[in-house]
Amino acid sequence: MKKSLLTNAFLVILGLTLARWRLSGYQEGIVVLLCINSIAAMGVSLLTGFTGIFTLGHAAYMGLGAYTAAILTVRHGFQWFPAIVAGGLIAVVVAWLIGMPTLRLTGDYYAIASIGLGEAIRLILENWQSFTRGARGFPGIPHYTSRTVAVLFFTVLAILMFNLINGRLGRELRASRDDRVAASLMGFNTPSSRMKALVISAFYCGVAGALLGGYMSFIQPSMFDMMKSTEMTAVVVFGGLGSMSGTLLGAGVITWMMEYFRDISQYRMLIYGLLLVTVMVLRPEGLLGNREIWSFIPGMSGARGGKGKE
């Protein structure tokens, strides 16, 4: 209980700082991108880091969220808030339909299936000319993703995520990740918990995609390809599998690095790759491993990922 209160208080303070700190227009843009990337990374972290289901197709859910919000706001006059929520819900529905047959797969087989499914969704968005405008992209999206909106969504969703992983579902997911058979014998409904993790992660990515569309005011299917999925999974591995705060730290470091080296864009991916390789060599378990960042604070050492007292 004490740990949850401290975590919630920290996230609220972080959100207020990001929302109220005086920044230039360019710096505000970085904060918005950081919040969007962090929301998507939290979704992937829940599925990959806490459930053990390796995915390389979650950018497709971002695409679904982005196009849903864009179509609702531009063509049907929806306000931005219900459009963003609808983007997340459409991603949930598609994830549930996909998860019914695919979550029976384990290990690398699901990762391979996720690549195909992600590319299939991208190709539908790219070829459904009459509905999505295809490869030309979707312009004219209202610029509703301000710094305040992005920080608000990030703060609320981060609080919900940390309470989720510290609750019963979080324990079920970690047990299923470590040993599905043992978790089932302990009474956990592992198929149900894995499906919950998938749809929640899809909702987070759908919301992130909707926010991205509202920030860029233009989207196209190539923004949600396999490279984007790989980047999201790399952030989770970079921060540490089984560490949600590590995921947020990794998202912050990588977002800042990508923006800092924007002027030398031809070398940016090279530097990005070198950073990932360096971390994997020096810290194979990621920046924080399976520990949350507050476990390094004296008196909070019991807050280890999956091993702390509730």
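Mentor: A salt bridge, as the word is used here, is a side-chain nitrogen of Lys or Arg within 4 Å of a carboxyl oxygen of Asp or Glu. The structure is a predicted model, in which local features need pLDDT of at least 70 and side-chain atom pairs count only at pLDDT 80 or more, while totals for chains, interfaces and linings use all residues. Residues are numbered from 1 along each chain as its sequence is written, and side-chain values use heavy atoms, with hydrogens and water left out.

Trainee: What makes the contact between E28 and R147 a salt bridge?

Mentor: The N to O distance between the side chains of E28 and R147 is 3.2 Å, which lies within the limit, so the pair qualifies. Helices here are DSSP runs of H or I with at least four residues, numbered from the N terminus.

Trainee: Why is R147 called buried, and why is E28 called partly exposed?

Mentor: Buried means under 20% relative accessible area, exposed means over 50%, and partly exposed is in between (1.4 Å probe, protein chains only). R147 has a relative accessibility of 11% and therefore counts as buried, whereas E28, with a relative accessible area of 28%, is partly exposed.

Trainee: How many salt bridges does the rule give, and which residues are linked in a network?

Mentor: The count comes to six salt bridges, and the network links E119, R122 and E126. Another salt bridge joins R177 and D178, whose closest N and O atoms are 3.2 Å apart; here R177 is partly exposed at 28%, but D178 is exposed at 58%. E285 and R283 also form a salt bridge, with their closest N and O atoms 3.0 Å apart, and in this pair E285 is partly exposed at 38%, as is R283 at 33%.

Trainee: How do you know that helix 2 is roughly antiparallel to helix 10?

Mentor: Helix 2 (residues 25–48) and helix 10 (residues 190–216) pack at an angle of about 165°, with their axes 7 Å apart. Angles under 35 degrees count as roughly parallel, over 145 as roughly antiparallel, 65 to 115 as roughly perpendicular and the rest as oblique, so helix 2 is roughly antiparallel to helix 10. Helix 2 passes helix 10 in a left-handed crossing. I39, which is placed in helix 2, is buried at 0% relative accessibility, and its C-alpha atom is separated by 9.5 Å from that of G206, 167 residues apart along the chain.

Technical notes. Axes are lines fitted to C-alpha atoms, for helices over the stretch in contact, and angles run from 0 to 180 degrees between N-to-C directions. Helices (H or I, at least four residues) and strands (E, at least two) are DSSP runs, numbered from the N terminus. A crossing is left-handed if the near helix is turned anticlockwise from the far one by less than a right angle, and right-handed if clockwise.
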